[in-house]
Amino acid sequence: MAYRGVHVKKRMPGIALALLTVGGAAGVHGASIPADAAPPAKDGLWFDDLAAEVSVDGTRFVDGHGREVVLRGFNVSGEVKLEENGGLPFASTADARKSAEAMREQAGANSVRFLLSWAKANPEPGKVDEEYLAAATAQIKASLDAGLHVFPDFHQDLYSRYLFNQGSWYQGDGAPKWVVQAGGYSKESCGVCAHWGQNITQNKAVTSAHQDFWRNREVTTPAGIVKIQDAFLDTAEKTMKYVKGHLPAESFELILGFDPLNEPHAGTYESGETSKSWEKDRLWPFYQRFRARMDAAGWQDKPAFVEPNLFWNSNIFFSKQEGGLQGIGTLGSRYVFNTHFYDQAAMSGIFMPGKASDGRYVDDFKKIRDRSTALDTAPIVSEFGHHLSGSVADKAPTVLKGMYQSLDSRLSGADWWKMAAESGPVVSSTQWQWDIYSGRHNELMNDNPDKVLKEHDAWNEEDLSTVGLDDSGSAVLRQDARLIDRLYPGAVAGRTLAFSYEDRSRDGSKTLTWNPVPSSMPSVARLVAEGQYGVLVWRSGDGTDAPTELHLPRTFASATTTVVSDIGTLTGPPAYSSDTPIATAAETGGTKAHRLLLTTPGGSGLHYALVTNGTENPSPDLRAAAQKELAAWVAASGFTG
């Protein structure tokens, strides 16, 4: 088929399955990179150039080969909300590079949502700060150089830091000081608020400012009369032109698109207006205007990552508002359905007693998948996470395991093996957040020298960063590496029908197993043993000679990994070459992250693969028995797709 000017060879349909598993000895904090991992390859393999070109095809992300792409990564970072580094995620490009390399190697990420500050990009009416844009672009390039895809995001929370004063209890970020001054807003007050997010609906200064943005209010500034939303769009267009103009063409290929504005909300609704009608009549026209600015800036081949009303999928009944970009028809390939999900009930410490368990988020993420289907575009969950300190921190291991489980599949672990044909595609995501300065800040809260914030995220008492720096200055994970460095299908030569990953992550000293191999597959269970494993089922179609790729966590050491497949069985997959159907290779970007490559012969027939180091040096007889069980399971599961 022809795709974005590239001719892709047709392939006969077929179904393929891969089950991947790894032993239980390593994989916690500080796990080392396997010594036998494939060496970094800055130039990549023959298919890597087209793999950089990611776009939207129906409800999927696809690369230049037509392979289905899953984006996995983090937000970089909440540091942009702070003043200490001038609205940039990093103090230097060197730190940006260190962070990107650590994200690739320790977390297996392939994507970044890169935060930008409207206030810093547009400090005066009608002007952009090119020094800020130059620094931001250099830091973006550091991620691109490490092989990470990037989509920038103009971030805001509570509209602007300048709505708050030195005596305020809370912090905001977003709009420039001149916008707030011109707006003439009342002194902020949230009244009796238990959480900073309540300011969104209860703080009159915040609600009025948001409302003015959506109405595109005219304000008087020293430079003349300015419309607020127009000023933002002007800044966005100039920013996008600058970024494209100052990145090499091969780097710009890795830019995914642009997130126009973080967590939009009306502020207050007009008489007769509802959250649903506000999305249709206010938010959607704004996105169309932003889309036009993208086109004018030379981003016409990149989608806009558009967010619905932030409360559309709240899991606390009294804060939920109808939305999800209903009533606007389909979005198509020039937009991405971009949503967030936090377990507000778990974060409250009140509405969810105990911890998360298998399948807790099945219904929540089903709603996201269903809205993506209705809008006919790809979905991404660009924020999710949980507090790592405080009274609800004990829930974090299970909450995050549950969220990743439901990003991977529509099903709970208890249902997966018996209902795998209903598992569906994997949803792309970027976790909140990746701040290497976690716990090492020096932020004057609202410029108050008597309130110096150093701990955690240094912002409204949050602590959600997966990473921090040790005393030597090296980036280290703050969460279980088994949970964070995950197996996932980064590029599938066909359509994913089912995927599940049992990470064996830990809650304290307890290993969490939510998807055990069923007793009806004893040889597979013996091969998996106590290790991690993942299962991928996909159907090849109008495909490509490029292989299916899965990111291999650092716990998957090449020399001790066993592969059992209809295309071969072996222990220790070799380095990739044109005649190795099962192989490993370095990820792009020159880091020590590595991937598994599965190349099927012509795409015809049924394919499956088991990859494990759960049992060390398994016998040929055990591999053959596991092969037989997997083939029977696939044949009986009813995959159609």
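Here are legends for several close-up views of a predicted model.

**View 1. Two phenylalanine rings meet edge-to-face.**
Search the whole structure and you get 34 aromatic pairs. Take Phe213 and Phe232: their ring centres are 5.7 Å apart and their planes sit at 75°, so this pair counts as edge-to-face, a label for planes over 60 degrees apart. The two residues come from distant parts of the chain, with Phe213 in helix α7 (residues 204-215) and Phe232 in helix α8 (residues 228-245), 19 residues apart. Are these two buried or exposed? Phe213 is buried, at 3% relative accessibility, and Phe232 is buried too, at 1%.

Phe286 is buried at 1% relative accessibility, and Phe290 is buried at 0%.

**View 2. Ring pairs join up into a cluster.**
The residues from the two views above turn up again here: Phe213, Phe232, Phe286 and Phe290 are among the members of a cluster linked by ring pairs. Other members include Trp118, Phe154, Trp278 and Trp299. Phe252 is also one of the cluster residues, and Lys302 lies over the face of its ring, 4.6 Å from the ring centre. For another lysine over a ring, look at Lys401, whose charged end sits over Trp514, 5.4 Å from the ring centre.

**View 3. Cys190 and Cys193 form a disulfide.**
How many disulfides does the structure hold? The count is one. The sulfur atoms of Cys190 and Cys193 are 1.8 Å apart. The angle about the S-S bond is -75°, and the link is left-handed. Both cysteines are buried.

**View 4. The second largest pocket has a volume of about 750 Å³.**
There are 34 residues lining this pocket, and the closest to its centre are Asp48, Ala52, Gly147, Leu254 and Thr588. Elements giving two or more residues to the lining include the helices α1 (48-51), α4 (130-145) and α9 (249-252). What kinds of residues make up the lining? They split into twelve nonpolar, nine polar and 13 charged.

**View 5. Leu400 is buried in helix α13.**
Leu400 is part of helix α13 (residues 396-408), and its relative accessible area is 0%. Its C-alpha atom is 7.1 Å from that of His386, a residue 14 positions away along the chain.

**View 6. Two peptide bonds here are cis.**
Most residues other than glycine have a negative phi, and most peptide bonds are trans. The bond from Val76 to Ser77 is cis, with omega near -25°, and Ser77 is in the loop between β7 (72-76) and α2 (93-107). Trp432 and Gln433 are also joined by a cis bond, with omega about 0°. You'll find Gln433 in the loop between β15 (428-431) and β16 (443-444).

**View 7. His456 and Asn460 have a positive phi.**
For His456, phi is near 55°; for Asn460, phi is near 50°. His456 is in the loop between β17 (452-453) and β18 (467-469), and Asn460 is also placed in the loop between β17 and β18. His456 is partly exposed, at 26% relative accessibility, whereas Asn460 is buried, at 11%.

How values were computed. Residues numbered from 1 in each chain as written. Predicted model: local features only at pLDDT ≥ 70, side-chain atom pairs only at ≥ 80, totals over all residues. Heavy atoms only, no water. Phe/Tyr/Trp six-rings, centres within 6.5 Å; stacked < 30°, edge-to-face > 60°. Helix = DSSP H or I, 4+ residues; strand = E, 2+ residues; numbered from the N terminus. Buried < 20%, exposed > 50% of the residue type's maximum accessible area, 1.4 Å probe, protein only. Lys NZ or Arg CZ within 6 Å of the ring centre and 35° of its normal. Disulfide = S-S within 2.5 Å. 1 Å grid on protein atoms, 1.4 Å probe; cavity = no way out; pocket = protein on both sides within 12 Å on 5 of 7 lines; lining within 4 Å. Points joined across faces, edges and corners; volume = space filled by probe spheres on them. Nonpolar A, V, L, I, M, F, W, Y, C, P; charged D, E, K, R; others polar.
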